[in-house]
Amino acid sequence: MNSNNNLRSDTLTTVASFENEPIERLFLDEINASYAELRLLLPSLPNQLRVIFGTNYDYGEDGVTGSAVSADVIKIGIDSSVVDRTKQYEKIRSLVFHEGYHLAQNFHLGSQFSAVESAIYEGCATIFERDYADSTPKWANYSKEDTATLWRWYEAMKDISAEQYFEPSGETWKKWAFYDAETNESWRVYKVGTWLVEDILKKNDLDIIDLSSMTASDILTYLQKNKHNLVKS
Ligand SMILES: [Zn+2]
């Protein structure tokens, strides 16, 4: 054991702060191994990833949460009340891949993004974790939505500025990213983003890694080119 575990200088990840250290410590090796693997796929990522343990929102059924905080920091939430941690362990790799992809695209809390930009970034990270970390993100499954619905959501998102999307209360963001009680619709940002980015990859014969250093507005230029086809399909 490393006697100074907060400074895991032998590894690519350091812990900035723990929330429930004895439990979170159990996940450090898996986080580090996942990040080491991720950096081989996305070499532009920082040499050292800093991890803050904790969460800003509900754990959900998986018992883990993640968010990209700044250029080299991700936040990981581990629900300490979970008894069998198997599922939590299994989720770490896809979580690190998802949040790491956000860092590669500079999509983190250090800046503000409009709803459409956020949808593109979430779609990219979701497809990346699915394709490269063998996950099946249920929040991105849009198979039950018809094209008209997805298109309507996309059009509505275009009216939501960065200022409104990331308003201090978090209300607009949560409604579009998670659940809207008024309409009973869920995960619209993820569904629309995944739908759009999948279409862009397919029509331009690209791999999700090809988009890893592009901004959302760069990626949206592909969409302008393909818009006609997308509406029709
Ligand atoms: Zn995300």
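Biologist: What separates the centres of domain 1 and domain 2?

Modeller: 23 Å, taken over C-alpha atoms. Domain 1 is 13–104 and domain 2 is 115–232; such bounds come from an automatic or database domain assignment. This is a predicted model: local features need pLDDT of at least 70, side-chain atom pairs count only at pLDDT 80 or more, and totals for chains, interfaces and linings use all residues. Residues are numbered from 1 along each chain as its sequence is written.

Biologist: Why are α5 and α8 called roughly perpendicular?

Modeller: Their axes cross at roughly 110° and come within 10 Å. Angles of 65 to 115 degrees count as roughly perpendicular, so α5 and α8 are roughly perpendicular to each other. Axes are lines fitted to C-alpha atoms, for helices over the stretch in contact, with angles from 0 to 180 degrees between N-to-C directions. Helices are DSSP runs (H or I, at least four residues).

Biologist: Which residues meet there?

Modeller: L150, W153, Y154 and M157 in α5 meet R188, K191, V192 and W195 in α8.

Biologist: What makes a nonpolar core, and which residues have the most contacts inside the largest?

Modeller: A core is a set of buried Ala, Val, Leu, Ile, Met, Phe, Trp, Tyr and Cys residues joined through C-beta atoms within 7 Å. Buried means 20 or more other C-beta atoms within 10 Å of a residue's own. The largest core has 56 residues, and I120, C124 and M157 have the most contacts inside it. Helix α4 gives the most, 10 residues.

Note on methods
Helix = DSSP H or I, 4+ residues; strand = E, 2+ residues; numbered from the N terminus. Parallel < 35°, antiparallel > 145°, perpendicular 65-115°, else oblique. Contact = placed C-beta atoms within 7 Å. Buried ≥ 20, exposed ≤ 12 C-beta atoms within 10 Å, placed from the backbone.
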